[in-house]
Amino acid sequence: DVARTVEDELEKVMSAYGYEIAQTLIVDIVPEQTVKHAMNEINAAARLRLATRDKAEAEKILQVKRAEAEAEAKYLSGQGIARQ
């Protein structure tokens with residue numbers, strides 16, 4: 001945990017001056033630009049995987065619906081021919 005590590009390090013340094021660290025609060029962490037870039041690439045890759053999966057699922061649904069419609073059309077066509 002980042003806050004605990006910071007608290008421990010501050011306690012070591014500041015105890016020499018008579019200070020006691022009761023609590024540390026981390027409100028914002030600014031990583032290096034290379035780390036930000038890597039994190040953005042990881043997030044982009046995850047979003048791309050999700051989008052690809054969703055697109056494949058949508059295509060699968062379309063194919064199933066097309067097949068169902070074709071089967072229904074053939075069934076109805078067969079009934080029409082049988083009634084002639």
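Me: Where is I29 found?
Reply: I29 is in the loop between helix 1 and helix 2, which covers 33–82. Helices here are DSSP runs of H or I with at least four residues, strands are E runs of at least two, and both are numbered from the N terminus. This is a predicted model, where local features need pLDDT of at least 70, side-chain atom pairs count only at pLDDT 80 or more, and totals for chains, interfaces and linings use all residues. Residues are numbered from 1 along each chain as its sequence is written, and side-chain values use heavy atoms, with hydrogens and water left out.

Me: Is I29 buried or exposed?
Reply: Exposed, because I29 has a relative accessible area of 54%. The cut-offs are under 20% for buried, over 50% for exposed and partly exposed in between (1.4 Å probe, protein chains only).

Me: And what does V2 count as?
Reply: V2 counts as partly exposed, at 46% relative accessibility. V2 sits in helix 1, residues 2–15.

Me: How far apart are the C-alpha atoms of I29 and V2?
Reply: They are separated by 9.7 Å, while the two residues are 27 residues apart along the chain.

Me: Switching topic: how many helices and strands does the protein chain have?
Reply: Two helices and zero strands. The chain's radius of gyration is 31 Å, well over the 12 Å that the globule rule gives for 84 residues, so the chain is more spread out than a compact globule. That radius is taken over C-alpha atoms, and the rule is 2.2 Å times the number of residues to the power 0.38.

Me: What does the C-alpha trace span?
Reply: About 105 × 25 × 15 Å along its principal axes. Buried residues make up 4% of the 84 residues.
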